[in-house]
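The following note sets out points for a colleague reading this model. Please consider them with the sequence and the structure side by side.

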Amino acid sequence: MVADRTRGRRREIGDVAHPERALNMHFYMPPRQPAVDLMSSGRTDRVVLDLLLRELPHYGVFPVGLDVVLDTENHYAAENPALPTGPRELLQRYVDAGYLGVKTGRGFYDDYAQQD
């Protein structure tokens, strides 16, 4: 199950039978390549994220870096100042350190395969 984040609004994931299978996904359509932003719902099993990170490139969709995620989160926060600051602060620390996820081979995890 995926709750697509579109038009600057988060679609909430309600009560589901298997919260470990739920996550948020936002698709980008930049000129060079389609991209996707995968975000845990807070209870998403890492196995689900790993599966999507492995399979989505077979369909021409690639993950974005944490810098893009931070930009998106800042946009949402500008529209809704009541959003908690903790996630953006954490993302900012990672971006400042150069840890952009699959873009740099290091982010929330450090076992990303290097991208060409």
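Which side chain meets that of D50 in a salt bridge?

1. The partner is R46, with N to O at 2.5 Å; a salt bridge here is a side-chain nitrogen of Lys or Arg within 4 Å of a carboxyl oxygen of Asp or Glu. D50 and R46 are separated by about one helical turn, because they lie four residues apart in helix α1. D50 is partly exposed at 29% relative accessibility, and R46 is partly exposed at 22% (buried means under 20% relative accessible area, exposed over 50%, partly exposed in between, with a 1.4 Å probe and protein chains only).

2. This is a predicted model, in which local features need pLDDT of at least 70 and side-chain atom pairs count only at pLDDT 80 or more, while totals for chains, interfaces and linings use all residues. Residues are numbered from 1 along each chain as its sequence is written, and side-chain values use heavy atoms, with hydrogens and water left out.

3. The mean pLDDT (the predictor's confidence in each residue, from 0 to 100) is 77, and 75% of the residues score at least 70. Where pLDDT is low, the predicted coordinates should not be read in detail.

4. The overall fold comprises four strands and three helices, in the order β-β-β-α-β-α-α along the sequence. Helices (H or I, at least four residues) and strands (E, at least two) are DSSP runs, numbered from the N terminus. Of the 116 residues, 34% count as buried. Among contacts with a separation of 6 or more, 42% join residues 24 or more positions apart. The accessible surface is about 7700 Å², with 52% belonging to carbon and sulfur atoms; the Shrake-Rupley method with a 1.4 Å probe gives these areas, and for residues only the protein chains shown count as cover.

5. The structure holds two salt bridges. Besides the pair in point 1, E55 forms one with R54, the closest N and O atoms being 3.7 Å apart. E55 is partly exposed at 30% relative accessibility, as is R54 at 49%.

6. T44 is found in the loop between β3 (35–40) and α1 (46–55), and counts as buried because its relative accessibility is 13%. Leaving aside residues up to four places away in sequence, T44 touches P19, E20, A22, L23 and L49. G60 is found in the loop between α1 and β4 (62–63) and is partly exposed, with a relative accessible area of 27%. From G60 to A35 the C-alpha separation is 8.3 Å, although they are 25 residues apart in sequence.

7. The aromatic count comes to one pair. Y94 and Y99 have ring centres 6.2 Å apart and planes at 65 degrees, so the pair is edge-to-face. By the rule used, rings of Phe, Tyr and Trp (its six-membered ring) pair if their centres lie within 6.5 Å; planes under 30 degrees apart count as stacked, over 60 as edge-to-face and the rest as tilted.

8. Y99 is partly exposed, with a relative accessible area of 27%. R106 lies over the face of Y99, at 4.2 Å from the ring centre; a charge sits over a ring if NZ of Lys or CZ of Arg is within 6 Å of the ring centre and within 35 degrees of the ring normal.

Technical notes: Contact = heavy atoms within 4.5 Å.
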